Amino acid sequence: MHVFTGTDTRIIDMDGTIIIVQGVKSKPDVYRVMIDGIFCGFLESVHDVLIPTPGSKIKSIYIDRISRLKNTGSKNVQASA
């Protein structure tokens, strides 16, 4: 996972699948998720658990990976499946 200075953006390379997680400025516990350049929905952090918002189409394998990296607090981790 890579962090860009001055932003709340994370990029995860999961065996060639690129996941971009970006914080929503107006809602600090909500994250926009793009997978391979396609918007897939939002994740909301509720009691440190990431939950997809209604209408989101984010596979559970991706949510699990994002959650693991979020919970480690790591800022520079290369993700691998």
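Guide: In the protein chain, 27% of the contacts with a separation of 6 or more join residues 24 or more positions apart. This is a predicted model: local features need pLDDT of at least 70, side-chain atom pairs count only at pLDDT 80 or more, and totals for chains, interfaces and linings use all residues. Residues are numbered from 1 along each chain as its sequence is written, and side-chain values use heavy atoms, leaving out hydrogens and water.

Visitor: In what order do the elements run from the N terminus on?

Guide: Helices (H or I, at least four residues) and strands (E, at least two) are DSSP runs, numbered from the N terminus. Here the order is β-β-β-β-β-β-α.

Visitor: Which residues have the most contacts inside the largest nonpolar core?

Guide: In soluble globular proteins, nonpolar side chains tend to be buried together. A nonpolar core joins buried (under 20% relative accessible area, 1.4 Å probe, protein chains only) Ala, Val, Leu, Ile, Met, Phe, Trp, Tyr and Cys residues through side-chain atoms within 4.5 Å. The largest one has 15 residues, and Ile19, Val33, Ile35, Leu43, Ile58 and Ile66 have the most contacts inside it. Strands S2 (9–14), S3 (17–24), S4 (27–35) and S5 (38–46) and helix H1 (60–72) each give two or more residues to this core. H1 supplies the largest share, 4 residues.

Visitor: What does Val33 touch?

Guide: Not counting residues up to four places away in sequence, its partners include Ile19, Phe39, Leu43, Ile58 and Ile66.

Visitor: Why does Val49 count as partly exposed?

Guide: Partly exposed lies between the buried limit and exposed, over 50%. Val49 qualifies because its relative accessibility is 45%. Val49 lies in strand S6 (residues 49–52).

Terms used
Contact = heavy atoms within 4.5 Å.
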